[in-house]
Amino acid sequence: MKNSKQKMKLLIMVGRNPKNMRGGASTWVLNVDSFFQEDFEVDYLILPEWLLKITVIPDRLKALVQAFLVLLFNFGKWDIYMSHTPELSYAATLFSSNVIHVAHGNTNPVKNPTFSWGKIFYNLYEYFIKTVEKKAKLLYTVGEERKGYSQLNQPMNHDVLPLDFKNKKNLIYAGRLEKVKNVNFIIEAYSKLPLNIRNKNSLSIYGKGSEISLIKKQIDELDLRGQVILEGHINNKDLVKKINESKILLLASLYEGFPMVVAEALTVGTPVVSTNVGAISNVIIDGKNGCLIDVEDDVIKYSDKIKYV
């Protein structure tokens, strides 16, 4: 048995560096880091920058291979393993049962992959998930309820004070620029807004991803240059400030767990217009602190919700 004064060693496996990414898992990790540091000796397993530059190989595959090799050559180094993706949790279960798996979406992550051919790994990921559910010590979900999982709330850790709503302006999207996030839908809905609303409220898009070229093309085709602004990636603290300054946070994901950015928006009093997916409806009450539409609804209904807010 370990000495009670000796901290246990925790390996947090996140693939890409959370400081450089925008997404639920990355923000979750950053928000709880200071608390983990108090109680554990914490190490992070992330992909090095040179590996991220090899774009022909999916990051998930690179992270899986890296995790297997690191855990193999450092067997027994850590007491506890925490992961936010099925592939990394699976790798950890090959070496230990002291695995904590945190699911940020309750669907197979390669159901709508970045690489079109990624769907061939769907059954493999089903195997990963089932193995993790069988072997991991603790299972958590930050999305909708999931059998066998305990539900976690999104941890918030910032000191941004909410602006009065009358002092907020403009619209904002923050997240990955991938197909599942449906950013093109948001831009099209924005184009349907009355000109007087668009003239007073630009749409800022924060994030990066494989859809960036298509989004740029759509902005040009809809003649929205100067109104829809691609802001790129910024750190989480600055992003919360931008959300605080914005009148509405816009989301239109095809599926989600529970987006961290929704919690961030509510903590600074910025209403949310979103598709009703995952656990978003647990906190967004239609017509009160935001508006919801079904995934099947069209851009006109989404645009109407923005006008209503």
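**Reading strand pairing and helix packing**

Me: Over how many bridges do E3 and strand E4 (residues 99–103) pair, and in which sense?

Reply: E3 and E4 pair over three bridges, in the parallel sense. Two strands pair if DSSP finds at least two bridges between them; strands (E, at least two residues) and helices (H or I, at least four) are DSSP runs numbered from the N terminus. Within this pairing, tyrosine 81 has valine 99 of E4 as its bridge partner. The model is predicted, with local features needing pLDDT of at least 70 and side-chain atom pairs counting only at pLDDT 80 or more, while totals for chains, interfaces and linings use all residues. Residues are numbered from 1 along each chain as its sequence is written, and side-chain values use heavy atoms, leaving out hydrogens and water.

Me: Which strand does E3 join through four bridges?

Reply: Strand E1 (residues 8–15) is joined to E3 by four bridges, and the two run parallel. Isoleucine 12 stands opposite methionine 82 of E3.

Me: Which residues of strand E3 (residues 80–83) point one way, and are they buried or exposed?

Reply: Ile80 and Met82 point one way, Tyr81 and Ser83 point the other way, and all are buried (under 20% relative accessible area, with a 1.4 Å probe and protein chains only).

Me: What is the order of the strands in the open sheet of six strands?

Reply: The order is E9-E8-E7-E10-E11-E12, with parallel pairing. Strand E9 (228–232) and strand E12 (290–293) are the edge strands, each pairing on one side only. Neighbouring strands of this sheet are turned by 20° against each other on average, direction ignored. Strand E11 (residues 272–275) pairs with E12 in the parallel sense over four bridges, and threonine 275 has isoleucine 293 of E12 as its bridge partner.

Me: Which strands does helix H11 (residues 299–308) lie across?

Reply: H11 lies across strand E7 (171–174), strand E10 (248–250), E11 and E12, and runs at about 170° to E12. Angles run from 0 to 180 degrees between N-to-C directions, and axes are lines fitted to C-alpha atoms, for helices over the stretch in contact.

Me: At what angle do the axes of helix H9 (residues 236–245) and helix H10 (residues 260–267) cross?

Reply: They cross at roughly 55° and come within 9 Å. The contact (heavy atoms within 4.5 Å) is made by Asn236, Val240 and Ile243 of H9 and by Val261, Glu264 and Ala265 of H10.

Terms used: Buried means under 20% relative accessible area, exposed over 50%, partly exposed in between (1.4 Å probe, protein chains only).
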